[in-house]
Amino acid sequence: MLSRLVKALALVTLVALLYVGFTRESRPATTDGRVHITYWEKWTGFEGEAMHAVVDEFNRSQDRVYVEVLAISQVNQKTLLAAAGGVPPDVAGLWADNISAYADKQALLPLDDYLRQAGLTRDHYIPCYWDICEYEGHMYALPSAPHSLAIHWNKAMFREAGLDPERPPRTLEELGHYTELLTRRDESGRLVQMGFMPSYPGWWNWAWGYYFGGTLWDGRDTITADSPENIRAYEWVQSYSKKYGATDLQLFQSGFANWSSPQDPFLSGRVAMVLQGVWLGNYIDKYSPGMEWGAAPWPYPADHPEFADVTSVASDILCIPAGAKHPDEAFEFIAFVNSQKGMELLNLGQRKHSPLAEVSDEFIAAHPNPYIQVFIDVAKQGRTFSNPKLPIWSEYGNEMNAAFDSIWLQQTTPEEALSSVTARMQGRLDRALLERSRREGSL
Amino acid sequence: MKARHPLSRAIVYILLLGGSFLFLFPLFWMISTSLKPVEETMALPPRWIPSSWQPDNYWKAVTHGSEILGYTPFLEYGKNTVLLCVLVVVGALISNSLIAYGFARLRWPGRDVLFGVTLATMMIPFPILMVPMFSLFRHLGWIGTFRPLWIPAWFGSAFNIFLLRQFFLTIPRELSDAAVVDGCSEFQVFRHIIVPLSKPALAVVALFQFLFTWNDFLGPLIYLTDQRMFTLSLGLQFYQSQHGGTEWHLLMAAATIIVLPVIILFFFTQRTFIQGVAVTGIKG
Amino acid sequence: MKGLSRREMWAGLAFVSPWIVGLGVFLLYPILASLYYSFCDYSVFREARPIGAANYVDLASDKLFWKSLLNTLYFAALSVPLGLILALALALLLNSGVRGLTIYRTIFFLPALVPMVALAVLWLWIFNGEYGVLNSALSSLGVPAPGWLTDPAWSKPALVLLSMWGVGYAMVIFLAGLQDVPVHLYEAADLDGASWLHKIRHVTLPMVSPVILFNGIMGIIGSLQYFAIPYIMTPNGQPARSAYFYAMYLYDNAFLYLKMGYASAMAWILFLIILCLTLLSLRLASRYVHYEGG
């Protein structure tokens, strides 16, 4: 009988221990009297280190708030789910293109009052980076590490193909011509080297229309994915897979590794030109040191010189998810990052440019990316675009990616694919706007 | 149906050997890749056996990239998963055996109706429950904790109740009647007569429940938010999404780490296991 | 006697009480709530707001809904019958009186134990277009190697192929069923000089038909909820959504777009489809399935 009792007790103790061990919050104790806030961020490696430096600086600068930073993969989805579940972090490092969809769901806290109190205004920023944080008249985030895009090219490969290594293509027609010269096949006909391919790295597949003067919506309530400009853009995309063979390209591309690795096709010299963000320079230094490369504004269609210097701008952002426990302290940290000192510390570490209008001379002088001015100039010059600020953007973006796939793989014509996107997304947008008006009407 | 003719026996063995090769090869390939140096994973034509064994791939995989923040805490994930499995298995054993006893050996009004409802709920696909469960756990403040993943197990599940009830029904009533005459309470009958006789069935419940928890992906994906609290399955997916496409040797090492405990467990419990699977099929 | 049965009643309810709570809280409430949400605009952040049948109406004209449904049915229509055939064939081989039965059974069963995430990661490696072992093997045999997971025409067949690797459960269930077939039936057939095929057709199949039915229904239910493997192997259903399955779209609606009402409507449609297919199988079964003793 006794032994049975002991067994039962042991079982209960075990379960109790497990329970305690499990529910123990992994948050450090706040015995120091400071408010501890959690901050989820996507960055790892040296990008994470740069943010860590800023966080350390903030934690040292005062003794009331302590920021604990956690690296989270798929941070946007995890943050949305955690906020929906009522347990969000206090600060989340997402991407600007999450803002419209998340703000529309009330997943993010509007920052207007905080900004007013802190005296932070649009004038402090390169305007496009302030604007991408706004949705429906409210500010929902501040930028952290912004980026514009530029064409990067491998000078050694240019030389080998008999091209002037100092002269990047200026028009899309030139880009096509260079690609012909830079593409190689092995004796069995397999592609082993490409000049340029629109499907790589594939992060802005929705955006090609903008380089041809297109847009994805009219700014109010109409989806314009099937505009003639967009159709032309995706015909241009498809011309590459027609010319070099969809199957050949697929096979070539199936060997591509994760982009942040030495086997990345640009870093390993298998693709000569790529449209990429300001960070690529770091990865070249890290994984392919010694590569000779250049960066320049993206080429434009020869018949439309007015589209020169068009660039996509976006940014990593800092925001406060709805339901955060310590929003005031969270904003204090965000404001610290957005000081000139914070921004230059972060973006020098990450080797990007500062989103602020004012930049110290040392920042530019010390910047390891020799082409940093190219990125700042295209961002400032004003022919910038970013993702449409639509409540349905998460879905719309995925829809555009799928349309890109089927165009690239030559399953449909661009016209068919884009009109099907337009039809489906227009229905979605109509529904979202209808529900919004009903919601507001019922308030 | 026996194959007697020598020719047909030969064909049977050829098919069995060929099939065995096909079924084992992926596992072999996983282990082989996990022990290779990185250059060899990309060798063409592929090398079957690593030219130099790299057992520290395993160590690298579990402590990977300890450079700041790039770290995948597999040891932590392993601990989380084991604890979760223990909680779920203990809960499932206690609750389901009690419940099944109530259904199998006691008479009370509404029993058969409730049992019918219980069986019917086995038809309900998880997606139906997914959204309301999420909002329920949100109200309870359980999102981002392990609770959604183990507390429900302590309240029984239709399949286990069914399995145990069928087994309890096969235990002769005379045994428990005699005990009742001797003055045993229902709980004592359950504890001292039914449970000891039902070890094989309880083992099946424990095994299935363990496997389910070890493998579960969708539950942790929805309910766990903090990366340090991931389970092995979720951790492996995270690892793959971060390092996929390059470090196949480490990825295969991580996969092997998740597969191996299950296979070892299987070898130790093979009989129970195979019987359990067979029984679920025949009784169902 | 009255006292005893009352005592028994209370004891019974006490034993079952965890389940009464569990059934109510973790099953019945969610089912009813889900039905309600399917008629609502619901994003978690705001209270659910009834919008009539709008979610169902929108689904009817949602091309992606149809595409994901067709992908799923395509996958189920291939993987379930092929899986049944393979499982039954392996079980027949194992049941033909071979030596080393348990070894072979273990070998064929092992892959079914591999956790789904590990399975997905492993097959990503095997299917890899450039360094994948499958394509090296094919090209050394002179067979043109398809881009398994990069070609829309091959992504679903690739997933079907890998699902064949996990037929162990069904095989073990078949084997148990085969072992229950009375030997005298085969002996009687032998006396009649029946061929192997004849015995399969007239003795084995009828005798294991209830097991085929069971495995078939379990296969249908499982394949219609196919999620973890494509979620990892073909994220977003790439390429070109050729591997975008119903449960993925449902998950995306619920937890990526937070359209929980829409997702609930999808869940109910899935439930109805499962119900219909199950009833249909049972209906067919009443004609073909042989239950011993009536």
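Beyond its neighbours within four places in sequence, C:Ser34 is in contact (heavy atoms within 4.5 Å) with B:Ile128, B:Pro132, C:Ser264 and C:Trp268. C:Ser34 belongs to helix H1 of chain C, residues 2–37. Its relative accessible area is 0%. C:Ser34 is therefore buried (under 20% relative accessible area, 1.4 Å probe, protein chains only).

The model is predicted: local features need pLDDT of at least 70, side-chain atom pairs count only at pLDDT 80 or more, and totals for chains, interfaces and linings use all residues. Residues are numbered from 1 along each chain as its sequence is written, chains are lettered from A in the order in which they are written, and side-chain values use heavy atoms, without hydrogens and water.

Chain A meets chain C through 33 residues, in contact with 34 residues of chain C. The two chains bury about 3,000 Å² between them (accessible area lost on being put together, 1.4 Å probe, summed over both). Carbon and sulfur atoms account for 50% of this area. Seven salt bridges cross the interface of chain A and chain C (a side-chain nitrogen of Lys or Arg within 4 Å of a carboxyl oxygen of Asp or Glu). A salt bridge joins the side chains of A:Arg439 and C:Asp41, at 3.8 Å from N to O. On the side of chain A that touches chain C, helices H3 (75–84), H10 (246–254), H16 (393–408) and H17 (414–442) each supply at least two residues (helices are DSSP runs of H or I, at least four residues, numbered from the N terminus).

Notes. Buried means under 20% relative accessible area, exposed over 50%, partly exposed in between (1.4 Å probe, protein chains only).
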